[in-house]
Amino acid sequence: MNFRKAILLGILLLFGSSVYAQDLQKVEVFGEYSYLRFNPTLSYLKNRSFNGGGGGVQYNFNHFLGIKAEFMGYGSTNFTIPAGTYSIPKLSPNPIVINAPITTQGNMFTYLFGPVIRVPDSRVTPFGELLFGGSNSNAYGNQILAICNGTTCTTAAKNASGTQHPFTMAFGGGLDIKASEHFSIRPLEIAWLLTRYTNPLTSTNNQNSFRYSAGAVFHF
């Protein structure tokens with residue numbers, strides 16, 4: 001039993017010494033491609049794909065704990081509303097008749113901040129993160145404008161046709177592979193992304209989406 005404890009202690013000491021033998025690189029600047037599978041919470045709209053990217057900065061307090069600021073932008077993607085008759089009291093007191101499918105576009109931008117837990121090694125550093133902040137998108141606003149075109153919509157509906165800026169959070173993690181002293185490759189970063197856009201058609205406001213990112217990290 002004592003022999004097993006000695007082996008375990010030796011492994012822990014070896015791991016600890018390999019971590020602290022590295023110089024702590026306090027500042028990381030990263031750039032990433034990002035893919036977002038957005039769930040619009042509308043029965044007639046399937047999940048949509050956003051493509052984009054961005055970057056940010058991370059400050060490491062020690063080898064294991066840091067804080068991150070991240071900014072991502074996503075280009076326009078199509079949202080198609082099928083033809084049909086819709087009863088949408090929030091938009092119009094009368095049923096709204098759409099004679100042909102309506103296709104609109106929407107983009108998104110996210111800005112998130114929060115803690116990062118790292119497990120550093122000489123070559124590979126897994127990490128987990130919990131980020132909070134906000135985002136903005138004109139996707140739902142553009143749908144309102146398209147639906148209300150030629151339809152008697154309420155004033156409140158027209159006022160709701162702008163860009164929304166709801167609470168947003170991300171929970172996930174990833175992996176950095178060190179290529180040199182000041183450069184790492186980030187092949188994988190995945191997260192569950194919660195956005196709280198108010199859907200004017202059904203009054204739902206929680207969208208649970210999947211995000212994948214990959215890119216490069218510069219250490220200073």
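Tyr74 is buried in this predicted model, with a relative accessible area of 4%.

**Aromatic rings**
- The count of aromatic pairs comes to nine.
- Phe50 and Tyr74 make an edge-to-face pair, because their planes are at 70°, with the ring centres 6.3 Å apart.
- Phe50 belongs to strand S2 (residues 48-60) and Tyr74 to strand S3 (residues 65-81), so this pair ties together parts that are 24 residues apart in sequence.
- Phe109 and Tyr111 pair up as well, but tilted, at 5.9 Å centre to centre and 35° between the planes.
- Phe109 is partly exposed, at 32% relative accessible area, and Tyr111 is also partly exposed, at 26%.
- One aromatic cluster takes in Phe38, Phe50, Tyr74, Phe79 and Tyr197.

**Charges over rings**
- Arg48 has its charged end over the ring of Phe79, 6.0 Å from the centre.
- Arg186 does likewise with Phe30, with its charged end 5.2 Å from the ring centre.

**Around Asp176**
- You'll find Asp176 in strand S8 (residues 167-180), and it counts as buried because its relative accessibility is 7%.
- Its side chain makes a polar contact with the side chain of Arg186, at 2.7 Å.
- Beyond its neighbours within four places in sequence, Asp176 is in contact with residues including Arg123, Phe127, Ser184 and Val217.

**Helix H2**
- H2 (residues 139-148) is mostly covered, with seven of its ten residues buried.
- Among those buried residues are Tyr140, Gln143, Ile147 and Cys148.

Key:
Residues are numbered from 1 along each chain as its sequence is written. This is a predicted model: local features need pLDDT of at least 70, side-chain atom pairs count only at pLDDT 80 or more; totals for chains, interfaces and linings use all residues. Side-chain values use heavy atoms; hydrogens and water are left out. Helices (H or I, at least four residues) and strands (E, at least two) are DSSP runs, numbered from the N terminus. Buried means under 20% relative accessible area, exposed over 50%, partly exposed in between (1.4 Å probe, protein chains only). A polar contact is a pair of N or O atoms within 3.5 Å; within protein, one must be able to donate a hydrogen and the other to accept it, and residues adjacent in sequence count only if both atoms are side-chain atoms. Contact means heavy atoms within 4.5 Å. Rings of Phe, Tyr and Trp (its six-membered ring) pair if their centres lie within 6.5 Å; planes under 30 degrees apart count as stacked, over 60 as edge-to-face and the rest as tilted. A charge sits over a ring if NZ of Lys or CZ of Arg is within 6 Å of the ring centre and within 35 degrees of the ring normal.
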